[in-house]
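I opened this model to follow its charged side chains and its strands. My entries are below.

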Amino acid sequence: DTELLVYARSRRGRNLRGVWKVVGVANDSAKNRRLYEVRTSADVGATIRVPQSSRCVPLLDRLVP
């Protein structure tokens, strides 16, 4: 309900697999994107860049504390 389960289809993304929690969001108006900051329980951070028109934006917005 409050976390993302991330899996990768390629070997390059293998180290990104796991459970992530959305901790923040920002808008990049110049590129028409939403930037979601995510963290693991081990305090590893990453940013997910999503087009503002993506259908996953409402779901990710609900996960932002």
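**Arg34 and its surroundings**

I started at Arg34, whose side chain makes a polar contact with the side chain of Asn27 at 2.7 Å. A polar contact here is a pair of N or O atoms within 3.5 Å; within protein, one must be able to donate a hydrogen and the other to accept it, and residues adjacent in sequence count only if both atoms are side-chain atoms. The Arg34 side chain makes another such contact with the side chain of Tyr36, at 3.2 Å.

I noted the ground rules. This is a predicted model, in which local features need pLDDT of at least 70 and side-chain atom pairs count only at pLDDT 80 or more, while totals for chains, interfaces and linings use all residues. Residues are numbered from 1 along each chain as its sequence is written, and side-chain values use heavy atoms, with hydrogens and water left out.

I placed Arg34 in strand 3, residues 33-39. Strands (E, at least two residues) and helices (H or I, at least four) are DSSP runs, numbered from the N terminus. Is Arg34 buried or exposed? It counts as buried, because its relative accessibility is 15%. The cut-offs are under 20% relative accessible area for buried, over 50% for exposed and partly exposed in between, with a 1.4 Å probe and protein chains only.

**Salt bridges**

I counted three salt bridges, each a side-chain nitrogen of Lys or Arg within 4 Å of a carboxyl oxygen of Asp or Glu. Asp61 and Arg34 meet in one, at 2.6 Å from N to O. Asp61 lies in helix 1 (residues 57-63) and Arg34 in strand 3, so the pair ties together parts 27 residues apart in sequence. Asp61 is partly exposed at 32%.

Next I checked Arg39. Glu37 forms a salt bridge with Arg39, the closest N and O atoms being 3.4 Å apart. Asp43 also bridges to Arg39, with 3.8 Å between the closest N and O atoms. Shared partners join Glu37, Arg39 and Asp43 into one network. Arg39 is partly exposed at 29%, as is Glu37 at 35%. Asp43 is exposed at 56%.

Which order do the strands take? Four strands form an open sheet in the order 1-2-3-4, with antiparallel pairing. Strand 1 (4-6) and strand 4 (45-51) are the edges, each pairing on one side only. Two strands pair if DSSP finds at least two bridges between them. I found seven bridges between strand 3 and strand 4. Arg39 has Gly45 of strand 4 as its bridge partner.
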